[in-house]
Amino acid sequence: MTDAASKAATRAVFLDYDQAALDKAYDQRAWAANAEQTMARCREAGDRIRATLPMRADVRYGDGPDETLDIFPCNVAGAPVHVHIHGGAWRIQSKHDASFLAPAMTAMGAHFVAIDFTNLPACRMTDMADQIARALVWVHRHVAEFGGDPDSILLSGHSSGAHLAAVMLTFDWPRLGCPADFIKAALCVSGAYDLGPVLLSARRSYIELTAGEAERLSPSRHASRINCPVTLVYGEYESPEFIRQAQSFSRSLNAAGRKSELILAPALDHFAINEALGLPGSLPHQAAARLAQRLKDPV
């Protein structure tokens, strides 16, 4: 390698990161040795739950082949509705990978809805966001059909799903026929909320966005548009960039005068924190339970 090439390889591309360090900071598997095993446990648990727990599977919210959702009802009429967006770096996994969360969420008295949508690169991220928006509109309009309260919708997401959940909080909902504040609370677990540094990392190889699209899909830059309380959870053993992203989004929400809570989950990595969300008594699940309770008993 020439001296010029060597200097280029070690030049800072974002904050103090050179290219290799930034790429590693957005590769969660580099920070979690048991990532594959943890994801497999969640998927296997979800398969068992789908075979045993009462549910309405593959309900269509749109015309696209991936535009379906799963509904896991609780036994409480007029209960809050917890809608979850799965993670997977915007390019893998499906609503089936969120099924393992259903028992823990329905047990706390909330209907649980897992959304499916098209992954990259079969669509663009802008299309993905529009799909999820259509799903949320469908939920708002149809929750009463499965015993839910359209005025008590909690939205959550993990990893890329947390990013997409935060993007939903900035949408112009009246343009889509919904109240501006129909999402009453949000739980964002281990997300990246500003796409600027993400698009400087190796992930730019499969995320194609214009500068304007990246700006619009960076909710940390649009905190003033958010109309509900937001709880942000991140793990102690996540990559430094995912930790910084949560802390930065929290500061943006606070600066905009929005209600927010920032929670550090000790000794959890990016994948373990997702598994913990489905474990009653864990910090992530407690955060979800508090938000659901606030929807049942609004101040």
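**Entry 1. Terms and model**

I class a residue as buried under 20% relative accessible area, exposed over 50% and partly exposed in between, with a 1.4 Å probe and protein chains only. The model is predicted, so I note that local features need pLDDT of at least 70 and side-chain atom pairs count only at pLDDT 80 or more, while totals for chains, interfaces and linings use all residues. Residues are numbered from 1 along each chain as its sequence is written, and side-chain values use heavy atoms, with hydrogens and water left out.

**Entry 2. Salt bridges**

I counted as a salt bridge any side-chain nitrogen of Lys or Arg within 4 Å of a carboxyl oxygen of Asp or Glu. The search of the whole structure returned 12 salt bridges.

I looked up R244 and found its salt bridge with E241, where the closest N and O atoms are 2.6 Å apart. Both R244 and E241 belong to helix α9 (residues 240-255) and are three residues apart, about one turn of the helix. I took helices (H or I, at least four residues) and strands (E, at least two) as DSSP runs, numbered from the N terminus. R244 has a relative accessible area of 21% and is therefore partly exposed; E241, at 0%, is buried.

I then examined D97 and R43, whose side chains form a salt bridge at 2.9 Å, N to O. This pair connects distant parts of the chain, 54 residues apart: D97 is in the loop between β5 (79-85) and α4 (102-106), and R43 is in helix α3 (residues 35-52). D97 is buried because its relative accessible area is 11%, whereas R43, at 31%, counts as partly exposed.

R290 and E261 make a further salt bridge, their closest N and O atoms being 3.5 Å apart. Here too distant parts of the chain are linked, with R290 in helix α11 (residues 283-296) and E261 in strand β10 (residues 260-265), 29 residues apart. Both partners are partly exposed, R290 at 33% relative accessibility and E261 at 27%. I also recorded one network in which salt bridges that share partners join R50, D58, D70 and K95.

**Entry 3. Strand β8 and its neighbours**

I followed strand β8 (residues 183-189) and found six of its seven residues buried. I treated two strands as paired if DSSP finds at least two bridges between them. β8 runs parallel to strand β7 (residues 148-158), with six bridges between them; A185 of β8 is the bridge partner of L154. β8 also pairs in the parallel sense with strand β9 (residues 230-235) over four bridges, and L187 stands opposite T231 in β9.

**Entry 4. Helix α5**

I checked helix α5 (residues 125-142), which has 18 residues. From first C-alpha to last it reaches 26 Å, close to the 26 Å expected at 1.5 Å a residue; the expected span is 1.5 Å times one less than the number of residues. Since 13 of its 18 residues are buried, α5 is largely enclosed by the rest of the structure.

**Entry 5. Largest pocket**

I looked up which residues line the largest pocket and found 26, of which R29, G88, A89, R203 and F271 lie nearest its centre. A pocket is an open set of points on a 1 Å grid over the protein atoms alone where a 1.4 Å probe fits, with protein on both sides within 12 Å along at least five of seven lines; lining residues have an atom within 4 Å of a point. Helix α3 supplies the largest share of this lining, three residues.
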